[in-house]
Amino acid sequence: MFSADDTAHMVRALRLAERGLLTTAPNPRVGCVLAREGKVVGEGWHERAGEPHAEINALQQAGPHAAGATAYVTLEPCCHHGRTPPCTDALLAAGVARVVVAMEDPNPQVAGMGLAALRNAGVDTTAGLLADAAERLNAGFVMRMRQGRPWVRCKLAMSLDGRTAMASGESRWITGEAARSDVQHLRARSDAIMTGVGTVLADDPSLTVRVDGLDDSFRQPLRVILDSHLRTPADAKLLDLPGETLLVSGAVDAGSEAHLVRSGVRVVTLPLQGGQLDLRAVLQYLGSLQINEVHLESGATLCGALLQAGLIDELVIYMAPHLMGDAARGLFALPGLAQMAQRIKLSITDIRAVGDDWRITARIDN
């Protein structure tokens, strides 16, 4: 169905889409290549939410050469009026003859209707070229459209014997500088960085992105603290840093949040289950805020609870070449796992060296 040229042009469209990795949220990352008689005549990507979509930027570059061309788009063109007009209308007006998409748009406002509109107007349309790569690029957007919650990526650092901190709680630094720098790039692509109040009390983290070269338009991800009983201290470092902080609590005592009220800090109350926050309700709430990707950096208790609830989608584990001993703390608190049949199965998708450490990326097998 697809030629070698088709594949090459879609690969290029995916590379273009990656340029919007830090800037398109809550929209998906999309790239577009226009080719005619084997030659690229225009290309573009969605650069920033609220600005023209990838197809529009490619059409503007192609000008009159778009007539009769094939458009390679990493996500189905939109057919509805949002902050920008429908891309299907622009493609038809330009006289594009064929449209190849990597994947259909899971947004219910599109969901196959964009391709149908083009097809009904006489445009040759096909879908499914490098669909897996396109979905990986927009895993958070796809998850939010399909399940109403963000994609949750859990970052952990451990020793070779699977320990995250000494028995005393000392944990700085397990991994080397290269690994810690790599984590900053994971944070930067996320819409929210989430932790639990236990980590706030123990480590007083910043939960900010520190990457050289980010321009002034970069917005710090939303910092999210899960704090069932509002134990976050008023002098916690992250409450006074640039950007926004959201405290999710189950406390309903009027005035209990008064010590936390300040510019850029928001407190929301959600249901408790057995004295703890309903984690699924937390993620659904974040989905309602149009959060696509959550970067989780927390202790064993919260990480374990999310994992057992089936709410962690990806693990990124940095493994350092040293041993910390059997008294040191483990990765997850997973009570109730007593038999081999209860194991949580993973699929490792990537292993690579990062400085002196190793980075293991795995998906949860559901």
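**Salt bridges, cysteines and backbone features of a predicted model**

The structure holds 18 salt bridges, a salt bridge being a side-chain nitrogen of Lys or Arg within 4 Å of a carboxyl oxygen of Asp or Glu. This is a predicted model, in which local features need pLDDT of at least 70 and side-chain atom pairs count only at pLDDT 80 or more, while totals for chains, interfaces and linings use all residues. Residues are numbered from 1 along each chain as its sequence is written, and side-chain values use heavy atoms, with hydrogens and water left out. Helices (H or I, at least four residues) and strands (E, at least two) are DSSP runs numbered from the N terminus.

**Salt bridges**

- Glutamate 18 forms a salt bridge with arginine 15, with 2.8 Å between the closest N and O atoms; glutamate 18 is partly exposed at a relative accessible area of 35%, and arginine 15 is partly exposed at 40%. Here buried means under 20% relative accessible area, exposed means over 50%, and partly exposed lies in between (1.4 Å probe, protein chains only).
- Glutamate 293 forms a salt bridge with arginine 29, the closest N and O atoms again being listed at 2.8 Å apart. Because glutamate 293 lies in strand E14 (residues 293-296) and arginine 29 in the loop between helix H1 (4-17) and strand E1 (31-36), the pair ties together parts that are 264 residues apart in sequence. Both glutamate 293 and arginine 29 are buried.
- Glutamate 297 and arginine 187 meet through their side chains in a salt bridge of 2.9 Å, N to O. Glutamate 297 lies in the loop between E14 and helix H10 (300-308), and arginine 187 in helix H7 (residues 177-188), so this pair ties together parts that are 110 residues apart in sequence. Glutamate 297 counts as buried at 12% relative accessibility, and arginine 187 is buried with a relative accessible area of 7%.

**Cysteines**

- The count of disulfides comes to 0, where a disulfide is a pair of cysteine sulfur atoms within 2.5 Å.
- The sulfur of cysteine 32 is 8.6 Å from the closest cysteine sulfur, that of cysteine 87, and is therefore too far away for a bond; cysteine 32 is also buried, with a relative accessible area of 1%.
- Cysteine 303 is in no disulfide, and the nearest cysteine sulfur, which belongs to cysteine 154, is 3.7 Å away. At 0% relative accessibility, cysteine 303 counts as buried.

**Strand pairing and crossover**

- Strand E4 (residues 98-101) and strand E5 (residues 124-127) run parallel and are joined by 4 bridges; two strands pair if DSSP finds at least two bridges between them. Valine 101 stands opposite alanine 127 in E5.
- Together with helix H4 (residues 113-120), E4 and E5 make a right-handed β-α-β unit; a crossover is right-handed if, with the strands pointing away from the viewer, the path from the first strand over the helix to the second runs clockwise.

**Backbone features in loops**

- The peptide bond from alanine 25 to proline 26 is cis, with omega near 10°, and proline 26 is found in the loop between H1 and E1.
- Leucine 130, although not a glycine, has a positive phi of about 60°; leucine 130 is in the loop between E5 and helix H5 (131-137) and counts as partly exposed at 30% relative accessibility.
- Glutamine 290 has a positive phi near 65° and is likewise a residue other than glycine; glutamine 290 is in the loop between helix H9 (279-288) and E14, and counts as partly exposed at 43% relative accessibility.
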